[in-house]
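Please read the following note with the sequence and the structure in view. The points are numbered so that each may be checked in turn.

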Amino acid sequence: MDQLAHPKEAKRTMTPRNIPDVIFQDIEIDEHTVDCHGSIVIIINDKWEPLRVSRITLISARDVASAAILAVVLVLGTPSKDDLLALFAALTRAWQNLTLTAPGLTYPPREAMPTALGRSFIRPAYGVIRFDNAMIHRAIAVRDYVCDQLGATFNLGFPKYPLARVLIEGAFKNLNLTIHRIPSTTGSSPVDPLKEPEQHAKKAPLISIKVLEEAIHLHMAHLNQKPLGNLGGVAPIDLMRHQMANHWIPLRPTCAVENINPMKDSRVVPVHFSRKERRRPWVNFAYLSYEAAGVLSAVKQGVKIRIEFDRSDLRLLEAFNLKGEHLGTLRAPRNWQRFPHGLSTRKKIMNLIKIKAIQSDDPFGSYFDYLLCRRTLPTSALELVRVSREFGDYPQMLSPNNRPIEAPLSPIKKTESASIKPDAIPDWSPNMVVKRRPE
């Protein structure tokens, strides 16, 4: 009977059997939602107006051998592949401490992140980089950068099995106890006894996103400098410093670090001509036409060229022929030259222009006006913060002459909260936060 029995299949290995003891050989990356159901304050007609914002996302990378946090990126809104590439950009540049504005917050005396220890820590040869099966992790741009530029192994793991990345999940669990669900948030579910009080429904509490970002960075810095029992009472940042000085750690060449930028990308596009319009030759990229005097005049119609661009600033393109010769710089239309912007911002604006919700003459000013008319929505309020960080200080950028063509949502009526004077808003202090760590 044993000969007729079906042979048993070997169990799949969910987690690595041999935990690496050398730094940078196993990296775990994941995203985590951080509750921020408080308020931001914008200035409208010389009045302070608190507005609700929605949840934000934290992207973090952690080294398995040392349990050190390598880099963090706070995303205002839904993360995209560009935000994940921004995390890799943080791994390849020296760490700079934030300018702390909240009283009572100070950085630890030593370095906060490993990339602040020296140039050797921004050019290691990574081994395996582990992700889950989220859509942004499976993007071709992310996979190509990890495999082709970093020379690392791209590992997505098994679906619905977070224990394969237990270290990064543990870092997020530790973050939840101190920062994630503060008293002004909604809790983990509608029946959570620690949910938001009812009096906050009409008047949202003031929580500065900048202070929240500073608190998260300080929390990650303290994790790097906290002695761990599984490391023999050594802090992760000290272990990384010791191994870099005494062990053989493979490094990438210096020229590879200087010439590789995760936010840089290239495409091959055809050159277009039009005899009827009597215009310069142009190329189409990201919903717009790019051209420049004398750059494409020597290129024949239909010939393809290679363009290089920065994902965080699409105003300019560098044109090359397929032999690698530099042709010149192509520019977007003048009405799109006003502020630096990424692909996600341009896509949102173009979708609104397509449905005739905003005007195309001044896309940035119209987009701000569109968001202001919908500022009662938490997602719109958070988008105001995001684009103001991307463009600059938004009060100087509003265009009062360009209002949305269609505004289904009426502006906020003048209420008690809309007439708060600047002196009435108290400064943030640590006493405003109630600790929720179980005793």
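1. A definition is needed at the outset. A crossing of two helices is called left-handed if the near helix is turned anticlockwise from the far one by less than a right angle, and right-handed if clockwise. In this structure, which is a predicted model, the crossing of helix 7 and helix 9 is left-handed, while that of helix 1 and helix 2 is right-handed.

2. The overall composition may be stated next. The chain contains 9 helices and 13 strands. Of its 439 residues, 46% are buried. Among contacts with a separation of 6 or more, 68% are between residues 24 or more positions apart.

3. The pair formed by helix 7 and helix 9 deserves attention. Their axes come within 11 Å and cross at roughly 125°. The two helices are therefore oblique to each other. On the side of helix 7, the residues in contact are S344, T345 and K348, and they meet E383, R386, E390 and F391 of helix 9. Sorted by class, the residues of this contact are 1 nonpolar, 2 polar and 4 charged.

4. A second pair is formed by helix 1, residues 81-91, and helix 2, residues 140-149. Here the axes come within 9 Å, with a crossing angle of roughly 20°. Because of this angle, helix 1 is roughly parallel to helix 2. Helix 1 contributes K81, L84, L85 and F88 to the contact, and helix 2 contributes A141, V142, Y145 and V146. This contact has 7 nonpolar residues, 1 charged residue and no polar ones.

5. Which residues of the largest nonpolar core touch the most other members? They are V283, F285, Y290, L296, I305, L330 and W336, in a core of 36 residues. Elements giving two or more residues to this core include strand 9 (283-285), strand 10 (288-290), strand 11 (304-310) and strand 12 (313-320), together with helix 7 (343-354), helix 8 (363-373) and helix 9 (378-391). The largest share, 6 residues, comes from helix 8. Another core, of 35 residues, lies apart from this one; among its members are F24, I27, A90 and Y126. As a general background, nonpolar side chains tend to be buried together in soluble globular proteins.

6. Leaving aside residues up to four places away in sequence, I305 touches R267, V268, V269, V271, V283, L296, V299, A319, F320, L322 and L327.

7. Most residues other than glycine have a negative phi. A286, however, has a phi near 55°, which is positive, and K356 has a positive phi near 60°. A286 is found in the loop between strand 9 and strand 10, whereas K356 is found in the loop between helix 7 and helix 8. Are these residues buried or exposed? A286 has a relative accessible area of 16% and is therefore buried; K356, with 59%, is exposed.

8. Finally, Q96 lies in the loop between helix 1 and strand 6 (128-130). Q96 has a relative accessible area of 62%, so this residue is exposed. Q96 and E111 are 15 residues apart along the chain, and their C-alpha atoms are separated by 9.7 Å.

Notes: Residues numbered from 1 in each chain as written. Predicted model: local features only at pLDDT ≥ 70, side-chain atom pairs only at ≥ 80, totals over all residues. Heavy atoms only, no water. Axes fitted to C-alpha atoms, helices over the stretch in contact; angles between N-to-C directions. Helix = DSSP H or I, 4+ residues; strand = E, 2+ residues; numbered from the N terminus. Parallel < 35°, antiparallel > 145°, perpendicular 65-115°, else oblique. Contact = heavy atoms within 4.5 Å. Nonpolar A, V, L, I, M, F, W, Y, C, P; charged D, E, K, R; others polar. Core = buried A, V, L, I, M, F, W, Y, C linked by side-chain atoms within 4.5 Å. Buried < 20%, exposed > 50% of the residue type's maximum accessible area, 1.4 Å probe, protein only.
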